[in-house]
Amino acid sequence: MYQSIVILTVIASILMCLIVLIQESKGGGLAADYSSGNQLLGAPKTTNVIEKATWGLAIAMIVLSVLSVAALPAAA
């Protein structure tokens, strides 16, 4: 149980790194290059989708961290 929670936390943190790198900074980012393509596919603004993904991953990492402490194996 503990190992699976740790693996999920690592996956969430890697995804968070990738999402943060995609986000638009002051001078623009990778999101600026793909915003017109996402509008054609039905997403109104790519920044909203990326922001929601960032918040979702942040919440998931917090929940997984609390769960990992709760599932921590007892030291003998």
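Author: Let us begin with the idea of a surface patch, for which residues need over 30% relative accessible area and no salt bridge, and nonpolar side chains are joined within 5 Å. In this predicted model, Val6, Ile7, Leu8, Val10, Ile11, Ile14, Leu15, Leu18 and Leu21 form such a nonpolar patch, and together they have about 810 Å² of accessible area.

Reader: Where does valine 10 lie, and is valine 10 buried or partly exposed?

Author: Valine 10 is in helix H1, and since its relative accessibility is 42%, valine 10 counts as partly exposed.

Reader: Which residues make up the largest nonpolar core?

Author: In soluble globular proteins, nonpolar side chains tend to be buried together. Here the largest nonpolar core consists of five residues, Ala12, Met16, Ile19, Ile50 and Leu57; helix H1 (2–22) and helix H3 (46–70) are the elements that give two or more residues to this core, and the largest share, three residues, comes from H1.

Reader: Is serine 68 buried or exposed, and with which residues is serine 68 in contact beyond its neighbours within four places in sequence?

Author: Buried means under 20% relative accessible area, and serine 68, at 15%, is therefore buried. Serine 68 belongs to helix H3, and, leaving aside those sequence neighbours, serine 68 is in contact with Tyr2 and Ile5.

Reader: How many helices and strands are there in the protein, and what share of its residues counts as buried?

Author: The protein has three helices and zero strands, which gives the pattern α-α-α along the sequence, and 16% of its 76 residues count as buried. The protein exposes about 5700 Å², of which carbon and sulfur atoms supply 71%.

Terms used
Residues are numbered from 1 along each chain as its sequence is written. This is a predicted model: local features need pLDDT of at least 70, side-chain atom pairs count only at pLDDT 80 or more; totals for chains, interfaces and linings use all residues. Side-chain values use heavy atoms; hydrogens and water are left out. A nonpolar core is a set of buried Ala, Val, Leu, Ile, Met, Phe, Trp, Tyr and Cys residues joined through side-chain atoms within 4.5 Å. Buried means under 20% relative accessible area, exposed over 50%, partly exposed in between (1.4 Å probe, protein chains only). Helices (H or I, at least four residues) and strands (E, at least two) are DSSP runs, numbered from the N terminus. Patches are made of residues with over 30% relative accessible area and no salt bridge: like charges are joined within 9 Å, nonpolar side chains (Val, Leu, Ile, Met, Phe, Trp, Tyr) within 5 Å. Accessible areas come from the Shrake-Rupley method with a 1.4 Å probe; for residues, only the protein chains shown count as cover. A salt bridge is a side-chain nitrogen of Lys or Arg within 4 Å of a carboxyl oxygen of Asp or Glu. Contact means heavy atoms within 4.5 Å.
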